[in-house]
Amino acid sequence: MASVVGIINTSHGPFTTLEPERWEETRLRRSYREDVPVEPMEVRVAKAERAAAGLAVLDEKLKQMCPDVLVVFGDDQFECFDFTNFPALSVFVGESFIGRSRAAGGLVDVPVPRDLAVGVLTGLLERGFDP
């Protein structure tokens, strides 16, 4: 039987891990109200440093927990679904997925404990929840 050793939660907005020098180019690809201020670089750098410090704390806490597996709850931003079929919850039961890693400098193949994923899915179904 598995045990929960901890829970970590963080925002994942595009600016959380993006270099502050790239914030304006990202901002220009989006539509904002005219009254939304453009922050000077020193404010962007300070915010980026605070975000990095917060993520470093979470990284250290995760290392201290030393989990055997991570269960990640995230949203699908049109990677797998669109509005013709957009479930409130889905469970990935594949062998692996491609993820982005700053540490590795690009895309990495992330293994998935498929037996755990299938167990979560069938457990939900057995309890009357239809993901």
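Rings of Phe, Tyr and Trp (its six-membered ring) form a pair when their centres lie within 6.5 Å; planes under 30 degrees apart are stacked, those over 60 are edge-to-face, and the rest are tilted. By this rule, the structure holds three aromatic pairs.

The model is predicted: local features need pLDDT of at least 70, side-chain atom pairs count only at pLDDT 80 or more, and totals for chains, interfaces and linings use all residues. Residues are numbered from 1 along each chain as its sequence is written, and side-chain values use heavy atoms, with hydrogens and water left out.

Please select Phe 15 and Trp 23. Their ring centres are 5.3 Å apart and their planes meet at 70°, so this pair is edge-to-face. Burial here is judged by relative accessible area: buried is under 20%, exposed is over 50%, and partly exposed lies in between (1.4 Å probe, protein chains only). Phe 15 is partly exposed at 24%, whereas Trp 23 is buried at 9%.

Next, select Phe 92 and Phe 97. With centres 6.1 Å apart and planes at 85°, these rings are also edge-to-face. Phe 92 is partly exposed at 45% relative accessibility, and Phe 97 is partly exposed at 38%.

Now turn to Arg 27 and Tyr 32. The charged end of Arg 27 sits over the ring of Tyr 32, 5.2 Å from its centre; this term requires NZ of Lys or CZ of Arg within 6 Å of the ring centre and within 35 degrees of the ring normal.

Finally, select residues 41–65, which make up helix α2 and number 25. Cys 66 follows α2 and has a positive phi, near 50°. Helices (H or I, at least four residues) and strands (E, at least two) are DSSP runs, numbered from the N terminus.

Key. The expected span of a helix is 1.5 Å times one less than its number of residues.
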